[in-house]
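Please keep the structure open while going through the points.

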Amino acid sequence: MIFPALDSLDSLRVPASAAAIGVRAVRVTAADDDGDKGTGDDQQIGIATKTRAKPKKPSQFKVLMLNDDYTPMEFVVLVLKRYFHMDLEQATRVMLHVHQRGVGVCGVFPYEIAETKVNQVMDFAKENQHPLQCTLEKA
C-alpha cells in the first residue's frame with residue numbers, strides 16, 4: 001500500500017509498538033508511464049509490514065511409571081528423587097500411588113524431555129536389574 005508523498009522520511013514516524021511487530025518506513029520511487037524509472041523527484045513514502053508468526057507451545061507429555069511386583073519401593077523413590085527432582089515426601093506419595101493404582105504420573109514435559117527421562121529411568125532400572133517400566137503419553 002502506497003501513501004501520498006511526504007516531504008521527508010522524518011515526517012513519517014513509526015511508533016515503537018509498530019516497529020516491534022516489523023513495521024518500517026520505506027521510500028518508494030514512482031515509475032513513468034512508459035515503465036522507465038522516474039528522475040527521483042516524485043518519491044512517495046509507504047509502510048511495509050512484515051508479520052511474525054507466534055511460535056506454538058510445544059505439546060506436553062506425561063511420564064508414567066508402571067507398577068510391578070518385583071521392583072523395591074525404595075528403588076522407585078530413588079528414581080523419582082533422582083530423575084524427577086522430587087523431595088522424599090512427594091516421591092513416597094507418587095510411589096504409593098503407583099503401587100496402589102498400577103500407574104502414576106511422574107511429571108509433564110515437552111516431548112524430547114519426557115522421552116529422555118523415560119530412557120534414563122529404563123536404563124537405570126536395567127543397570128540395577130529391576131523390571132521397572134516407564135512410558136509417556138500425550139497430556
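**Charged pairs and a buried aspartate**

1. Glu-89 forms a salt bridge with Arg-93, their closest N and O atoms lying 3.2 Å apart, where a salt bridge means a side-chain nitrogen of Lys or Arg within 4 Å of a carboxyl oxygen of Asp or Glu. Both Glu-89 and Arg-93 belong to helix α3 and sit four residues apart, about one turn of the helix; helices (H or I, at least four residues) and strands (E, at least two) are DSSP runs, numbered from the N terminus.

2. This is a predicted model, in which local features need pLDDT of at least 70 and side-chain atom pairs count only at pLDDT 80 or more, while totals for chains, interfaces and linings use all residues. Residues are numbered from 1 along each chain as its sequence is written, and side-chain values use heavy atoms, leaving out hydrogens and water.

3. Searching the whole structure gives two salt bridges. In one of them, the side chains of Lys-62 and Glu-137 meet at 3.2 Å, N to O. This pair links distant parts of the chain, with Lys-62 in strand β3 and Glu-137 in strand β5 (residues 133-138), 75 residues apart.

4. Asp-68, in the loop between β3 and α2, is buried yet has no salt bridge, and the nearest side chain of opposite charge, Lys-126, is 15 Å away. Buried means under 20% relative accessible area, exposed over 50% and partly exposed in between (1.4 Å probe, protein chains only); for charge, Lys and Arg count as positive and Asp and Glu as negative, whereas His and the chain ends are not counted.

5. The side chain of Asp-68 does reach the backbone nitrogen of Tyr-70 at 2.8 Å, and that of Thr-71 at 2.6 Å.

Methods
A polar contact is a pair of N or O atoms within 3.5 Å; within protein, one must be able to donate a hydrogen and the other to accept it, and residues adjacent in sequence count only if both atoms are side-chain atoms.
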